[in-house]
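The sequence and structure are shown first.

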Amino acid sequence: MKPYEATRLYFERAADRLELDESMRKLLLTPKREVQVQIPVEMDSGKIETFVGFRVQHDASRGPMKGGLRYHHEVDLDEVRALATLMTWKTAVVDLPYGGAKGGIAIDPRKLSVKELEHITRKFVDQIHDIIGPDKDIPAPDVGTSSREMAWFRNQYEKYHGFSPACVTGKPVEHYGAEGREEATGRGVGILAYKLLGNLGRKPKETTVALQGFGNVGSHAAKYLHESEYKIVAVGDQSGGYYRKEGLDIPKLLHHALQNQGLLAGFQDADRISNEQLLELEVNLLIPAALGGVITKRNAARIKAPIIIEAANGPIDPDADDILAEQGTKVLPDILANAGGVTISYFEWVQNLQYYKWPLNRVRQELESVLSRAFQRVWDEAKEHRTSLRTAAYMIAIGRVHRAAKLAGVG
Ligand code: NAD
């Protein structure tokens, strides 16, 4: 099932619980604006190439719209629309004063030079600058983009609108970026894991963890959990899994990855296992932090971990989610689990608007307080309505957007 089909299914389940009528469901699901633009660029070869870019602004009932800018050859309007919708629910569940949006350009950034990427980014801004901005829609990095593209984005936007660092987040720290953006999502996963395990009565030293993915999210989650004294027995990446029953030496693994272009390949102090085996280990907590769709109806019944935190987007297919629910597995859903990144983006925007820079410890404290509050709200909602954490998270998010839309009226 494609990720947007899954999001739609979870929306419908929560909307049923909230007893939303058809007209309200249509209002909440229909994007406010969808833009497709032509991006003609002169390539290094001197040839003119024309690319297609999208920006979908899904909902602005709760504030300016927020969402990443993706550079990937498979980007299309359907995908961008689905991701924009997901951003509306993600910002709402964490209670950030934002709506949801997403953008993308159908290119393979690995096949383009830095100069070409800069031209494409600037041309895209030329086409959409009048519909974005600090109080309209604020892009951020996503798959295939980074702080580098955000610096170009801001620079180009300011040619039209003057000084406005808050027009985009995920910028380099030298360009009004926030301290702690790099670690934000993984650290958020760690904070939420601590809360969830605490509520389930699990003590750190007696809790074993398996973690799939050791990139930006996985490595920072591993660092946080290790520092909180959890026993991480397995980690994995594209090169396979690494297992040590007594617990892995996480600082050593982090150092190894740092020296090895981010990869775990060649790490010696562990037994080798496959990624499949990693997912099926007998551990207390499983964190998929790499790809979508890794737990499907094919392997769901073999997943032994009683607690799963969806650090990646959509790692569990809905069919598998139902099987896990029958097994009694607790799943913390992606819309909350990986919301640390957008939360720090919000802090960056706030600092930019106030011309006031926070030190890293303030960013970390505020992150912990926002995510802890959001977690407790989802936990309580699930308990009150005797439902899964996922349905509870969607109910809270949809309920908040619904109330804001209703209060604004349709005019
Ligand atoms: P990343 O590219 O930094 O890391 C991805 C990791 O997955 C790497 O360790 C890679 O080796 C591993 N991997 C790739 N193919 C694999 C395979 N077949 N089997 C096992 N591991 C494999 O990406 P990231 O930024 O850490 O993002 C990870 C997930 O979290 C993605 O689903 C992403 O959409 C989601 N996410 C990231 C952020 C963020 O701020 N970075 C925010 C929200 C959601």
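## Contacts and fold

In this predicted model, 67% of the chain's contacts with a separation of 6 or more are made by residues 24 or more positions apart. The chain contains 14 helices and twelve strands.

## Overall dimensions

A compact globule of 411 residues would have a radius of gyration near 22 Å, and the chain, at 21 Å, agrees with this. Along the principal axes, its C-alpha atoms fill a box of roughly 55 × 55 × 40 Å.

## Burial, surface and charge

Of the 411 residues in the chain, 57% are buried.

Positive side chains number 54 and negative side chains number 54. The centres of these two sets lie 3 Å apart.

## Helix H7

Helix H7 comprises twelve residues, 216–227. At 1.5 Å a residue it should span 16 Å, and the distance of 17 Å between its end C-alpha atoms agrees with that expectation. After H7 comes Glu229, which has a positive phi, near 75°.

Which residues of H7 are buried? They are Val217, Gly218, Ser219, Ala221, Ala222, Tyr224 and Leu225. In an α-helix there are 3.6 residues a turn, so residues three or four places apart point the same way.

The cover over the buried residues of H7 includes helices H6 (184–199), H8 (250–259) and H13 (360–385). Strands E6 (208–212), E7 (231–237) and E10 (285–288) also contribute to this cover.

Definitions and conventions: Residues are numbered from 1 along each chain as its sequence is written. This is a predicted model: local features need pLDDT of at least 70, side-chain atom pairs count only at pLDDT 80 or more; totals for chains, interfaces and linings use all residues. Side-chain values use heavy atoms; hydrogens and water are left out. Helices (H or I, at least four residues) and strands (E, at least two) are DSSP runs, numbered from the N terminus. The radius of gyration is taken over C-alpha atoms; the globule rule is 2.2 Å times the number of residues to the power 0.38. Buried means under 20% relative accessible area, exposed over 50%, partly exposed in between (1.4 Å probe, protein chains only). Contact means heavy atoms within 4.5 Å. Lys and Arg count as positive and Asp and Glu as negative; His and the chain ends are not counted. The place of a charge is taken as NZ of Lys, CZ of Arg, CG of Asp or CD of Glu. The expected span of a helix is 1.5 Å times one less than its number of residues.
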